[in-house]
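Me: I've just opened this one and would like a guided tour. Let's take it one topic at a time.

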4 protein chains.
Amino acid sequence: MFFASDNWAGAADEIAASLQRHSGGFSPAYGASDLDQQLEQRFNELFEREVAVFFVGTGTAANSLALSAVNRPGGFVLCHREAHLIEDECGAPEFFTSGARLAPIDGSFGKIDPNALRRGLQRFDPEFVHHGQPMAVSVTQATEVGTVYTNDEIAVIAEHTHAFGLPLHMDGARFANAMVRLESTPAEMTWKSGVDVLSFGATKNGCWCAEALVFFDPARAKQLPFIRKRAAQLFSKTRFIAAQFHAYLDDDLWIRLATHANAMADRLAAGIAAANNVSIGWPCESNELFVTMPKELAGRLKEQGARFYPWPVPEEFESKLTEGQGLYRLVTSFATTEEQVDQFLALIG
Amino acid sequence: MFFASDNWAGAADEIAASLQRHSGGFSPAYGASDLDQQLEQRFNELFEREVAVFFVGTGTAANSLALSAVNRPGGFVLCHREAHLIEDECGAPEFFTSGARLAPIDGSFGKIDPNALRRGLQRFDPEFVHHGQPMAVSVTQATEVGTVYTNDEIAVIAEHTHAFGLPLHMDGARFANAMVRLESTPAEMTWKSGVDVLSFGATKNGCWCAEALVFFDPARAKQLPFIRKRAAQLFSKTRFIAAQFHAYLDDDLWIRLATHANAMADRLAAGIAAANNVSIGWPCESNELFVTMPKELAGRLKEQGARFYPWPVPEEFESKLTEGQGLYRLVTSFATTEEQVDQFLALIG
Amino acid sequence: MFFASDNWAGAADEIAASLQRHSGGFSPAYGASDLDQQLEQRFNELFEREVAVFFVGTGTAANSLALSAVNRPGGFVLCHREAHLIEDECGAPEFFTSGARLAPIDGSFGKIDPNALRRGLQRFDPEFVHHGQPMAVSVTQATEVGTVYTNDEIAVIAEHTHAFGLPLHMDGARFANAMVRLESTPAEMTWKSGVDVLSFGATKNGCWCAEALVFFDPARAKQLPFIRKRAAQLFSKTRFIAAQFHAYLDDDLWIRLATHANAMADRLAAGIAAANNVSIGWPCESNELFVTMPKELAGRLKEQGARFYPWPVPEEFESKLTEGQGLYRLVTSFATTEEQVDQFLALIG
Amino acid sequence: MFFASDNWAGAADEIAASLQRHSGGFSPAYGASDLDQQLEQRFNELFEREVAVFFVGTGTAANSLALSAVNRPGGFVLCHREAHLIEDECGAPEFFTSGARLAPIDGSFGKIDPNALRRGLQRFDPEFVHHGQPMAVSVTQATEVGTVYTNDEIAVIAEHTHAFGLPLHMDGARFANAMVRLESTPAEMTWKSGVDVLSFGATKNGCWCAEALVFFDPARAKQLPFIRKRAAQLFSKTRFIAAQFHAYLDDDLWIRLATHANAMADRLAAGIAAANNVSIGWPCESNELFVTMPKELAGRLKEQGARFYPWPVPEEFESKLTEGQGLYRLVTSFATTEEQVDQFLALIG
């Protein structure tokens, strides 16, 4: 009963098989192999336009290099108060940008409130150096609390962002899970809605280690080859990332994996909805479910082998929690089985 | 006939098989899995003492984080003029240390000359801030030109380094190739000879992507967990690196792979020694061979399918080159076959 | 009627005279002159213990180098939500620390709430790298809103700070104004209350450009000579800062200047207390006064020659403001005259 | 007999007087005062075109911010092997650019050899990220060894620089001394010869602390206000720098001061030319003179009150030095008197 994180799973069979298949032979290093170049072309098709794509090793790297590419002295990136960028990357975005800052924006359900964003942007005055200057807006899709922005919601945020001449970045660590829920396309979810730069994550959805940084305007990425190498993110045997993406995108594997993960979350949510002493926090829109339950029950579940983490209680949630209750996160993945879900549901009975 | 680089090869069969074997099931992320911890223990045994070990994704990352851990304001790292750190990492060591500098030291055969090192260290005066201050010495084993320091040579460099209160770092991107040649042990080659921090590379010797940063004094590594995460080098599914190291160290695979690579380089060297118009630059001591030949011949070899790179001619070498000749690097790997070598030798006649 | 800022004034006569007096002759550069060394000794006496003192050019430099000296990878500095560090230094603290972050702590009257601080510190878990790690706490004395911490209040904050093994920094851009109000001594206000590092500002209180960074434990400052030079803050003719501090500290000039500035603020406050349509925000405890008044009145005052700035309305204040009213800052200095104050009071009638 | 450095002198009388004259009254801070703006206009006239000018506190700051403005990831700045940037700024240029590197270029007489520069530039391949990429060339005028580039020599270097699409920076810490020797104009020495960015130093030539960063294409300086503030180089009472420049440029004071300094160096050179056991290293073209003499004599001179520093012996010079001889630097300034020079000459007899 592993609901701790989608990165507790290993790799999908097809991913491991692809790595094995491409392990023989010789081919140019540092992104110059046929396979690398074939994959770059594949990303153009995926997004229905010419993009500049760069493979990196971690989601934190993808996000940090995205911000490096749009960096400004004294710069601020506006993002949701609970964004992974702010909470969980140990200052990597600030480090890679040599001190750019992350300005937290409020919003319910883990989503940036467009009005709060507009106020945040208006706060800066280009003639007043003391505050610094905005340099980008970043959204997370799906969000840190498992909700999903509609494409229209993204478009509104993009409009505010572009009105101030800034680029919009999307942290898509769980892009596939959001896409499956939205029944949308990669192009619709990104540049057609105003996204300029995407961290396209595949690790959480069945790869070992495969993240892609995608620029919808290749001109914006001109310095990226140097930025990536300087950041120690240019792998010598890039084939090993390309081979993962090859299998990931082939034959809709990524969609099948995310569909399964989401379905497992839904199954969990449905079971919990029927339970007495566990209730659901935010709407379950991807592969993450946040639930409140008595701390005592949580302790008991862990003793019985369930794995999941407590979650810091956001302000908007505090009033919903009664004495002795905690907020917990349950994450499903491509590897979650119906048996695991049902076993967990039986325990909370 | 692929002699361009040892990173043109993919992964050894045992490495790929190990990745497949560990791809199922669930286990804690970010280095907390049983496999990760088992491998940490394995490194203690390998080096015959308790070490602090950190897995990272690239050799550039290992080197840059090693220097981050010993960073000082206005700091200088002394290393050989042709070191990978200086020549081939696009400023990553400088970037990760926020501007520490690399001071080039002279020396023949790609090795630091101990007297030049001592003079370089004496140049700094702790009372004179304008020059900055030394913070570490770094050696490459095997060197960039395929030679290998004896353990005694390392010990002399370590003595100078420690006399100034500095740590000695070893860039071991081709550590296995050097070890096989020296018929030594990991402990003898490192801390027993005075090395304090090691970048232990496995990628070039048959892994996909597996580098370990090893501190022989764990106290020196206290900040490394934060340094690594901030550097976007903490992988979520660290299992995928651990699984590679598991196979790599198991049953002496790494020694067998390096032995083969070196043997292929020796076979190449022996054949070339007998050739008329190709001659060997530095002694062939690992899996790299540097040769001079007419540029016209090099061009012809490429047309016939041989892959190898020209190499910048160092000063000590210029007089050896006659008109129309070039310097070239030939690299063998675990994947090089006798057939490839013999085919190449046949072509140079 | 110049109430825009205390840095709209120039230099006190004694400061200018001292610069003239020391402009002749020759003496060693970069802090080695007799005058520099005499001043270092003077700081020991001022603080009643041996301190390490470093002259720099701006308050932002003093703060940024203080934090550089205690920097940690993934580090956080906890300070008040409205601190100058966060609001007005264009990311300099983040830049000079290569990406350390500033964690905003709540508190009324511009002062850190000790309970909020404790909760903020507890939030970090040394075993959980994702959040980063705390590295210091910083207080501003006098605060950004013109209030003053009592020494006991500082001692409580210091206790929490030290309980987590962290150093306490004090941004003393208006240290003299606070000291005069507290009727305390430099030693009592700082290390005797638990402060470890002080930015001792003199520019706002009558100097041209004179800031001192003071470490109460000189061992903590060992790297500062290199940190300062690398930060381009080691002036060649350091005499010009020493000469200012010489006059500043001589014969209690600094106390007289701050006493005057505070008296002018009190005079302003007393007059405003009697006025109908202007009221005082926070208690006037140094040389800054925050007042609410109709925006229309503020506009009229400006037309009549008064100079002062609007101030962003903090949350705790929003309910106090009625429609059409604004919050404004009035700052006095050594150069403010009774005539200026009375003229302003006459206008608000 | 103070020949240690031109920064051992204090400030010229006119500079001190100007500071006193402008110390009263109130005016906007952070560069917005009438005096600041008047001086910006004065720089336009000085350089015969519209420039963007930024006052900073140290020469190291001017150089470091100039390079920050033209920074690139993995960037290299090519400059003379003995440039102040490389030798004497404790890594500040590398720090402020977050790790850009300084590539040393050879050349006699302290000047960049244009052919070595061209080779240095050709070395980089925009398609090969491993080496990094060039981002600027920097020359020092007058050079570190007291020689002066002719405007034609600068023009040749500019041509090579611009051929690679790079900007040319001039470190003009002793700009006035060079100009007096060249009998040229600020415009001829800079943009008319191809210089794009200038560090215009005034501190060494009679100011306390006054350095200006000048961009001949203001578009290139758009981010400078944020770069300067983030670098802690935006002084609050900028008037104090403007007041120095006001006196410095007024009535040709700066030319008179430099003319005097150079004349004193010439007088010293003429006397030394007639001496038996002291000889001149490089041609004396500004206010610095490099001489060889027996170390024993140097020791004796110091005992008799002369102040001057030994200088590291460059390779091109080693053969000229006989056993027991040393290389020394003698620097004159606006404050050097004929009596000091003659007293020194009498001692070397």
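Me: How many residue pairs are in polar contact between chain B and chain A?
Reply: The count is 20 residue pairs, with both residues at pLDDT 80 or more. A polar contact here is a pair of N or O atoms within 3.5 Å; within protein, one must be able to donate a hydrogen and the other to accept it, and residues adjacent in sequence count only if both atoms are side-chain atoms.

Me: Before more numbers, what should I know about the model and the numbering?
Reply: This is a predicted model, in which local features need pLDDT of at least 70 and side-chain atom pairs count only at pLDDT 80 or more, while totals for chains, interfaces and linings use all residues. Residues are numbered from 1 along each chain as its sequence is written, chains are lettered from A and ligands numbered from 1 in the order in which they are written, and side-chain values use heavy atoms, with hydrogens and water left out.

Me: OK, back to B and A. How much area do chain B and chain A bury between them?
Reply: They bury about 4400 Å², and 64% of that is on carbon and sulfur atoms, where buried area is the accessible area (1.4 Å probe) that two parts lose on being put together, summed over both. On the side of chain B, Phe26(B), Trp208(B) and Lys237(B) lose the most area to chain A, together 21% of what that side buries.

Me: And how many salt bridges across the interface of chain B and chain A?
Reply: The rule finds zero there, a salt bridge being a side-chain nitrogen of Lys or Arg within 4 Å of a carboxyl oxygen of Asp or Glu. Among the helices that give two or more residues to the side of chain B that touches chain A are H3 (59–69), H10 (224–230) and H11 (239–249) of chain B, but the largest share, four residues, comes from H1(B). Helices and strands are DSSP runs numbered from the N terminus, with at least four residues (H or I) for a helix and at least two (E) for a strand.

Me: What about chain C and chain A, how many residues does that contact take?
Reply: It takes 18 residues from chain C and 18 residues from chain A, contact meaning heavy atoms within 4.5 Å. The two chains bury about 1400 Å² between them, 45% of it on carbon and sulfur atoms.

Me: Which salt bridges cross the interface of chain C and chain A?
Reply: There are two, and one of them joins the side chains of Arg123(C) and Glu87(A) at 2.5 Å, N to O.

Me: New topic: is His169(C) buried or exposed?
Reply: His169(C) is buried, with a relative accessible area of 3%, and this residue lies in strand S5 (residues 168–172) of chain C. The His169(C) side chain makes a polar contact of 2.9 Å with the side chain of Ser138(C), and another of 2.9 Å with that of Ser199(C).

Me: And Ala346(D), buried or exposed?
Reply: Ala346(D), in helix H15 (residues 338–348) of chain D, counts as exposed at 58% relative accessibility.

Me: Last one: how many salt bridges does the structure hold over all chains?
Reply: The structure holds 49. One of the salt bridges is between Asp266(B) and Arg181(B), at 3.0 Å, N to O; Asp266(B) lies in helix H12 (residues 253–273) and Arg181(B) in helix H8 (residues 175–182) of chain B, so the pair ties together parts that are 85 residues apart in sequence. Another joins Glu296(D) and Arg300(D), whose closest N and O atoms are 3.0 Å apart, and being four residues apart in helix H13 (residues 295–303) of chain D, the two are separated by about one helical turn.

How values were computed: Buried means under 20% relative accessible area, exposed over 50%, partly exposed in between (1.4 Å probe, protein chains only).
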